Amino acid sequence: FRSLKPGEKPPQFVVVSFDGACKVDLWQHYLQLAAQTNSHFTFFLSGLCLVPDAKRFLYRPPHKPVGYSAIGFANASLVPQRIRYMTMAYNSGHEIGTHFLGHFCDPQGVGTWSQADWTSEISQARTFLDHWAEINGSTDPSLRLPFSSSVWHGARTPCLLGRSSQMYPVWAKQGFTYDASRAGALVWPTHVEGFGRMWEFPLQRIKVVGYGKTNLSMDYNLMYVQNKGRMTAPQATCDKIRESTYQSLMQALTAVERSNRAPFFVGNHFNTWVCGAYRDALTRFVIDAHAKYPDIRFVTFDYLVHWLNAQSPAVLSKLQALPVAKY
């Protein structure tokens with residue numbers, strides 16, 4: 001990593017990240033897409049998909065009954081293949097981050113947590129990853145993760161919730177270098193206020209093509225506009241959503257590429273909502289963006305942190321002063 005020279009054009013970065021990162025068929029799909037396009041993605045792991053249902057009482061969630069989760073636990077038979085794909089991802093240069101554990105978005109959930117609650121959740125998440133084999137009773141020598149939870153350099157919170165005053169002090173102690181949980185605009189990133197070593201990589205407000213509205217650059221937020229948050233739809237609606245999502249991503253990318261060249265952040269869940277529309281639109285976007293913009297670079301959040309940290313203060317200030325990409 002090196003600093004840009006005065007007047008040198010920055011690369012056009014795109015960071016694609018996934019919340020959940022559990023379903024085996026989607027691991028296979030996105031790793032193939034990455035290999036096909038020489039891309040690298042960030043996968044935020046929902047840690048309970050490595051904890052078999054029979055061991056659910058190992059989890060002590062903040063302010064919830066022991067053994068309770070809003071997203072369930074793992075089918076024990078599926079854990080080995082998840083481990084294999086996580087191994088492939090890491091060895092291929094993708095980033096593994098954390099989406100924490102219980103995914104509590106209710107009024108007493110993540111948005112209310114204290115520093116002690118965050119410390120407990122992260123500690124348990126580390127334990128469930130680092131000791132997955134022991135928890136699952138796996139003795140297969142071919143199933144050994146080549147990494148530990150020490151590779152977690154950042155996170156996205158469930159439903160983008162969390163009180164800054166309670167969350168960030170704990171994250172800083174944990175060594176996190178970025179947060180991908182906030183809302184923002186198509187501009188260059190800045191540090192989290194009060195935490196000068198931690199970058200804020202927000203989901204960005206973009207136009208939702210065909211609906212006359214804007215929302216954040218994540219599938220769920222787009223779905224809220226396109227289908228009132230419903231995860232199923234008739235085929236004709238699915239087709240409209242698929243095309244709208246693709247066009248929305250391409251138009252936003254074109255806007256930054258032609259103006260401030262700010263990194264474009266795209267969030268997705270490991271899902272096949274509305275006939276797989278978001279999976280298909282994102283896949284087409286990654287392939288077509290590579291073809292249309294030869295200098296585009298699909299990188300991880302961790303890569304972007306290192307690139308930004310390598311820039312001189314003068315270069316960073318100039319980039320951060322550029323106006324929002326308009327289109």
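This is a predicted model: local features need pLDDT of at least 70, side-chain atom pairs count only at pLDDT 80 or more; totals for chains, interfaces and linings use all residues.
The table gives their geometry.

| Pair | Axes come within | Crossing angle |
|---|---|---|
| helix 1 (residues 24–37) and helix 2 (residues 79–91) | 9 Å | roughly 20 degrees |
| helix 6 (residues 219–227) and helix 7 (residues 235–257) | 11 Å | roughly 130 degrees |
| helix 6 and helix 8 (residues 273–292) | 11 Å | roughly 130 degrees |

Start with helix 1 and helix 2. Their axes cross at roughly 20 degrees. Helix 1 is therefore roughly parallel to helix 2, since angles under 35 degrees count as roughly parallel. The crossing of this pair is left-handed. Helix 1 brings Val24, Trp27, Gln28 and Leu31 to the contact. Helix 2 answers with Gln81, Arg82, Tyr85, Met86, Met88 and Ala89. By class, the contact of helix 1 with helix 2 has seven nonpolar residues, two polar and one charged.

Next comes helix 6 against helix 7. Their axes come within 11 Å and cross at roughly 130 degrees. That angle makes helix 6 oblique to helix 7. Helix 6 passes helix 7 in a right-handed crossing. On the helix 6 side, the contact is made by Leu222, Gln226 and Asn227. On the helix 7 side, Thr237, Ile241, Ser244 and Thr245 take part. The contact of helix 6 with helix 7 holds two nonpolar and five polar residues, with no charged ones.

Helix 6 also meets helix 8. Here too the axes come within 11 Å, crossing at roughly 130 degrees. Helix 6 is therefore oblique to helix 8. The crossing of helix 6 with helix 8 is right-handed. Helix 6 supplies Asp219, Tyr220, Leu222, Met223, Gln226 and Asn227 to this contact. Helix 8 supplies Trp273, Val274 and Tyr278. By class, the contact of helix 6 with helix 8 has six nonpolar, two polar and one charged residues.

The largest pocket has a volume of about 640 Å³. It is lined by 29 residues. Closest to its centre are Gly20, Ser46, Ile71, His103 and His269. Which elements give two or more residues to the lining of the largest pocket? They are strand 1 (12–20) and helix 6. By class, this lining has 16 nonpolar, nine polar and four charged residues.

The second largest pocket has a volume of about 230 Å³. Its lining consists of 13 residues. Lys5, Gly7, Glu8, Val315 and Lys318 lie nearest its centre. The lining of the second largest pocket divides into seven nonpolar, two polar and four charged residues.

## Cavity

How many cavities of 30 Å³ or more does the structure hold? There is one. The largest cavity contains about 30 Å³ of space. Its lining is made of Ser217, Met218, Asp219, Leu222, Thr245, Leu249, Val266, Gly267 and Asn268. Helix 6, helix 7 and strand 11 (264–269) each give two or more residues to that lining. Strand 11 gives the most, with three residues. The lining of the largest cavity divides into four nonpolar, four polar and one charged.

How values were computed
Residues are numbered from 1 along each chain as its sequence is written. Side-chain values use heavy atoms; hydrogens and water are left out. Axes are lines fitted to C-alpha atoms, for helices over the stretch in contact, and angles run from 0 to 180 degrees between N-to-C directions. Helices (H or I, at least four residues) and strands (E, at least two) are DSSP runs, numbered from the N terminus. Angles under 35 degrees count as roughly parallel, over 145 as roughly antiparallel, 65 to 115 as roughly perpendicular and the rest as oblique. A crossing is left-handed if the near helix is turned anticlockwise from the far one by less than a right angle, and right-handed if clockwise. Contact means heavy atoms within 4.5 Å. Ala, Val, Leu, Ile, Met, Phe, Trp, Tyr, Cys and Pro count as nonpolar, Asp, Glu, Lys and Arg as charged, and the others, Gly among them, as polar. On a 1 Å grid over the protein atoms alone, a cavity is a set of points where a 1.4 Å probe fits but cannot get out, and a pocket is an open set with protein on both sides within 12 Å along at least five of seven lines; lining residues have an atom within 4 Å of a point. Grid points are joined across faces, edges and corners, and a volume is the space filled by probe spheres set on the points.
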